[in-house]
Amino acid sequence: ERLSSMLVMSAIVAMCGAVVGLLLAYYLNQSSGPVIILSIGVLYVLSLLFGREGGLFRTWLYGHHLQH
């Protein structure tokens, strides 16, 4: 992928993580900073599991690690 599209995607993911973190912090009556970090961390783990290229779930499902 191109760098510009990756930068746009990272900004969108960061904004979504911040909004979700702020909303959760408000409704759970918690500090906003740690909740934002946790929400972005969850998005990171989801991207590791379900990524288009090299995602752990896709690798496990299709067995790409067995093909060389």
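Colleague: What makes Tyr27 an exposed residue?

Modeller: The relative accessible area of Tyr27 is 65%, and exposed means over 50%, buried under 20% and partly exposed in between (1.4 Å probe, protein chains only); Tyr27 is therefore exposed. This is a predicted model, in which local features need pLDDT of at least 70 and side-chain atom pairs pLDDT 80 or more, whereas totals for chains, interfaces and linings use all residues. Residues are numbered from 1 along each chain as its sequence is written, and side-chain values use heavy atoms, with hydrogens and water left out.

Colleague: Why is the pair formed by Tyr26 and Tyr27 called edge-to-face?

Modeller: The count of aromatic pairs comes to one. The ring centres of Tyr26 and Tyr27 are 5.1 Å apart and their planes stand at 80 degrees; a pair requires centres within 6.5 Å, and planes over 60 degrees apart are edge-to-face, under 30 stacked and the rest tilted. The pair is therefore edge-to-face. Tyr26 has a relative accessibility of 63%, so Tyr26 also counts as exposed.

Colleague: Why is H1 described as oblique to H2?

Modeller: The axes of H1 (residues 3–28) and H2 (residues 32–50) come within 8 Å and cross at roughly 130 degrees. Under 35 degrees is roughly parallel, over 145 roughly antiparallel, 65 to 115 roughly perpendicular and the rest oblique, so H1 is oblique to H2. The crossing of H1 past H2 is right-handed, a term that applies if the near helix is turned clockwise from the far one by less than a right angle.

Colleague: Which residues make the contact, and of what class are they?

Modeller: H1 contributes Val13, Ala14, Gly17, Ala18, Val20, Gly21, Leu22, Leu24 and Ala25, while H2 contributes Ser32, Val35, Ile36, Ser39, Ile40 and Leu43. Contact means heavy atoms within 4.5 Å. Eleven of these residues are nonpolar, four are polar and none is charged; Gly counts as polar in this scheme.

Colleague: How do you know that Ser39 is buried?

Modeller: The relative accessibility of Ser39 is 10%, so this residue counts as buried. Ser39 lies in H2 and, apart from neighbours within four places in sequence, contacts Gly17, Val20 and Gly21. Over the chain of 68 residues, 13% are buried.

Colleague: What makes Gly33 partly exposed?

Modeller: Gly33, also in H2, has a relative accessibility of 38%, so Gly33 counts as partly exposed. Its C-alpha is 9.0 Å from that of Ala18, which is 15 residues away in sequence.

Colleague: What sets Asn29 apart in its phi value?

Modeller: Phi of Asn29 is near 55 degrees, a positive value in a residue other than glycine. Most residues other than glycine have a negative phi. Asn29 lies in the loop between H1 and H2, and its relative accessible area of 69% makes Asn29 exposed.

Terms used
Axes fitted to C-alpha atoms, helices over the stretch in contact; angles between N-to-C directions. Helix = DSSP H or I, 4+ residues; strand = E, 2+ residues; numbered from the N terminus. Phe/Tyr/Trp six-rings, centres within 6.5 Å; stacked < 30°, edge-to-face > 60°.
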